[in-house]
Amino acid sequence: MDKDVKSYGFDGSAPQGIGRKVTSVYVYEAPVRLWHWVTVLCIIVLSVSGYLIGAPLPSSPHYHFVLGYIRFAHFAAGYILAVGLIGRLYWALVGNHHAREIILVPVWDKAWWSEFFFEIRWYLFLERYPKKYIGHNPVGQIAMASFLWAALFMCASGFALYGEGLGAGSWADTAFGWMLPLFGGSLDLHAWHRLGMWAIIVFVMIHVYAAIREDIMSKQSMVSTMISGFRMFKD
Ligand code: HEM
Ligand code: HEM
């Protein structure tokens with residue numbers, strides 16, 4: 001592995017001592033990987049069903065409850081997303097330090113920002129040689145931290161809207177009902193919730209492009225890392 005292999009905040013516990021050639025490092029523990037792929041499925045179900053809640057299919061005399069099933073799928077996936085987020089936040093407390101990368105972004109650190117701008121230049125094809133990271137690179141770190149906040153917003157706004165259906169005094173209304181007046185009422189909160197979906201869809205398009213691009217260009221494994229947990233360094 002190159003001398004310039006960097007993992008921000010690396011705690012020295014993984015087997016990558018100086019002078020040893022290490023070609024693969026365990027990065028993402030099983031709960032992080034499980035959360036990633038469960039979240040991917042939830043986002044797909046939530047986006048398709050959410051879109052169809054906002055722009056419903058024409059009703060048919062034969063299938064009266066279509067929107068009911070669509071809303072059921074949305075709420076079921078919404079619950080799974082929310083439980084997954086709670087599990088992921090818990091794992092940030094007890095997991096390895098890579099599990100905290102998307103929660104604690106060291107924006108106060110000048111060196112981190114210089115690597116951030118390096119990565120921006122790398123993504124813009126302005127740098128010839130990639131840097132290597134055991135965990136996320138700074139650009140990925142900020143993007144994925146933003147996703148986390150977007151997902152929290154979608155859960156809070158989603159459950160506020162859900163509380164309208166459950167009724168005044170229900171758990172969802174009690175816990176998240178305050179979102180409705182804060183965002184100017186039900187209609188406006190629907191619009192913010194819908195806008196959140198488009199923000200997440202933009203994130204996913206860039207994220208998947210970047211993951212596959214890095215897999216091909218950066219001499220380190222990406223997609224398989226989120227499956228097996230191991231990062232392979234190719235030279
Ligand atoms: C990232 C995840 C999510 C996405 C992409 C998403 C997307 C959407 C979209 C596009 C709509 C239609 C808004 C409109 O046009 O009026 C919607 C409605 C709604 N969503 Fe979500 N949503 C997500 C998470 C959640 C969660 C976690 C819940 C919690 C249960 C939830 C509950 C609702 C409710 C209650 C409605 C209104 C349904 C109705 O008015 O019939 N959503 N969602
Ligand atoms: C709805 C779609 C997706 C969402 C919301 C999403 C979200 C995320 C998040 C939040 C992380 C950070 C994980 C953590 O540190 O806990 C991440 C990492 C990652 N995702 Fe996704 N992801 C999506 C789809 C995909 C797909 C389809 C692929 C594969 C092509 C992929 C590949 C990766 C990889 C390789 C990483 C680790 C990158 C690195 O080590 O820096 N993701 N994703």
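This is a predicted model: local features need pLDDT of at least 70, side-chain atom pairs count only at pLDDT 80 or more; totals for chains, interfaces and linings use all residues.
His74 belongs to helix α2 and His193 to helix α7, so the pair ties together parts 119 residues apart in sequence. Helices are DSSP runs (H or I, at least four residues), numbered from the N terminus. Both His74 and His193 are buried (under 20% relative accessible area; exposed is over 50% and partly exposed in between, with a 1.4 Å probe and protein chains only).

Next, show the residues around ligand 1. There are 22 of them, and Arg71, His74, His190, His193 and Arg194 come nearest (a heavy atom within 4 Å counts as near). Look for polar contacts, pairs of N or O atoms within 3.5 Å. Oxygen atoms of ligand 1 lie 2.7 Å from a polar side-chain atom of Arg71, 2.8 Å from one of His190 and 2.6 Å from an N or O atom in the side chain of Arg194.

Now move to the iron atom of ligand 2. His36 and His207 coordinate this iron through NE2, at 1.9 to 2.0 Å. This site is octahedral too, with angles of 87 to 180° among its 6 donor atoms. His36 sits in helix α1 and His207 in helix α7, 171 residues apart. Is each of the two buried or partly exposed? His36 counts as buried because its relative accessibility is 17%, whereas His207, at 22%, counts as partly exposed.

Then select Trp35, Leu81, Leu85, Phe147 and Cys155. Within the largest nonpolar core, of 21 residues, these touch the most other members. Such a core is a set of buried Ala, Val, Leu, Ile, Met, Phe, Trp, Tyr and Cys residues joined through side-chain atoms within 4.5 Å. The elements giving two or more residues are α1 (30–54), α2 (66–94), α4 (138–166) and α7 (186–217); α4 gives the most, 8 residues.

Residues are numbered from 1 along each chain as its sequence is written, and chains are lettered from A and ligands numbered from 1 in the order written. Local features need pLDDT of at least 70 and side-chain atom pairs 80 or more, while totals for chains, interfaces and linings use all residues; side-chain values use heavy atoms, without hydrogens and water.

Key: Donors are N, O and S atoms within 2.8 Å of the metal (3.2 Å for Na, K and Ca); water is not among the atoms, so sites may look incomplete. Four donors count as tetrahedral if all angles lie between 85 and 135 degrees; four count as square planar and six as octahedral if opposite donors are over 155 degrees apart and all others between 65 and 115; anything else is irregular. A polar contact is a pair of N or O atoms within 3.5 Å; within protein, one must be able to donate a hydrogen and the other to accept it, and residues adjacent in sequence count only if both atoms are side-chain atoms.
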